[in-house]
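Q: I would like to learn how to read domains and helix packing in a model. Can we work through one together?

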Amino acid sequence: MHLFRRARIPLACLPPPLNQPGNAPDAALEPWRECDVTVDGSRIVAVRDSQAPAPGSAPGRTTDLGGVLVFPGLLEVHTHLDKCHTWDRAPGVHSDFWESVEILEADCPNWTEEDVYRRADFALRSAWAHGTVALRTHLNTNARAGAGAHAALERLQAEWRGRMQLQTVSLFAFQEFFGGEADRIIELSARHRATALGGFPQPGPDLPRQLDEVMAAARELGVGLDFHVDESDLVHAECLRATAEAVLRNQFPHPVACGHNCSLSVQDPARARETLALVKAAGIGIIALPLTNLHLQGRARQPAKPGQRFGAPRTPQWRGLTLLHECIDAGITVACGGDNVRDAFIGWGDFDPVEVYVESVRIAQLDTRLAFSPSVVTTGAAAIMGLPGYGRVAPGSPADLVVFSARKLYSLLARPATPRRFIHGEEFRDTILPDFDEQLSWPRPPSR
Ligand SMILES: [Zn+2]
């Protein structure tokens, strides 16, 4: 038993009634409550207001955290571990989104079990060193890719058991699923126990039928769905709406999440509201990927001059963020994820949910919902990932805590590099970020 005293925990991560604002004059700007947290083994067993009368002498050890900000272990709801850290051998040129798809498609013959294991292991050590305790990755799964990645992730799931929950989603293009690759996609997903079927639907007259069939396959597997949806500024891209309609039409019984949903923000507001009502009725969780959307959307160039491959870059205006506030107002569960890391889509990132949190606050103006804001990398992500107890500091939750060297939320927002320590079980654990130099010794795949 270990009692950690005076931890300032975000209200969003506390159980009732502790999650109610206190009487402090700055409660709106500093929405946390100072609590004493008791850990027994690998679980939190008690949380109480530090100012409440002590129930008696605490059994076991006591550590006074001194009134610093403490988050629960963090969740990363949307990543691509099969693609990460390929930047050095397959960098993006960034003329547009589809070019990045092609660059990674050309690299995917290299995605053997050992290759994915090496890169994903680096990624998970980074995520763990930043305080991540649960992570969901999409894995390209089709005729050309998936066997190595699924096998690598199954090994990593076993190795990280007890520290980090790892979930996999089989990602495929709908034209692959309906172009003769469905059996392989389903077989790999079943063999490696994928958490969900993924895929990126495209608008078109066949979409409702396609969604019905993918839902039938997921129902057969007994898994949920997690789609890449409407990652563009095309007004007619309404795959989110079609997915919600399909969930309701099929009475699909498993969890469904939709990531990106960028085009929602360029649609007619009344139409978008209707879509969100359908999303709410269908119980779909919405995942925003603000960092990659900021990087990839709104990208434009002038026409290329003769002899040049690309024209001069133009300043981006539309930044691709989905209707996050409108989703929240509609009562939809939302979360934010980091998406791609150091691959052709985006050459940086480090699997750090604090970076995702701080940047999401800035990009989506979540300062207007500050008390709610930590939920995008804690409770919201846990709800979408189906991990009860995660993302909360509550009795029964895993005893994983992120202890910041900051007393105020606005100090953390001001200085994202604020040092952190981590509690795992009853102890502080080591935090060793892997060095990028490690990657210098990785074998180079044969050049094509
Ligand atoms: Zn993605």
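Q: Into which domains is the chain divided?
A: This is a predicted model, where local features need pLDDT of at least 70, side-chain atom pairs count only at pLDDT 80 or more, and totals for chains, interfaces and linings use all residues. Residues are numbered from 1 along each chain as its sequence is written. The chain has domain 1 (2-73 + 391-428) and domain 2 (74-385); such bounds come from an automatic or database domain assignment. Taken over C-alpha atoms, the centres of domain 1 and domain 2 are separated by 31 Å.

Q: How many residues of domain 1 and domain 2 are in contact?
A: Contact means C-beta atoms, placed from the backbone, within 7 Å. Here 19 residues of domain 1 meet 17 residues of domain 2. On the domain 1 side, β4 (61-72), β15 (400-404), α12 (409-414) and β16 (420-424) each give two or more residues. Helices (H or I, at least four residues) and strands (E, at least two) are DSSP runs, numbered from the N terminus. That side has 14 nonpolar, two polar and three charged residues.

Q: How are two packed helices described?
A: By the angle between their axes and the distance between the axes. Axes are lines fitted to C-alpha atoms, for helices over the stretch in contact, with angles from 0 to 180 degrees between N-to-C directions. The axes of α5 (residues 207-221) and α6 (residues 239-250) come within 9 Å and cross at roughly 55°.

Q: Which residues make the contact of α5 and α6?
A: Leu-207, Pro-208, Leu-211, Asp-212 and Met-215 of α5 meet Cys-239, Ala-242, Thr-243, Ala-246 and Asn-250 of α6.

Note on methods:
Two residues are in contact if their C-beta atoms, placed from the backbone, lie within 7 Å. Ala, Val, Leu, Ile, Met, Phe, Trp, Tyr, Cys and Pro count as nonpolar, Asp, Glu, Lys and Arg as charged, and the others, Gly among them, as polar.
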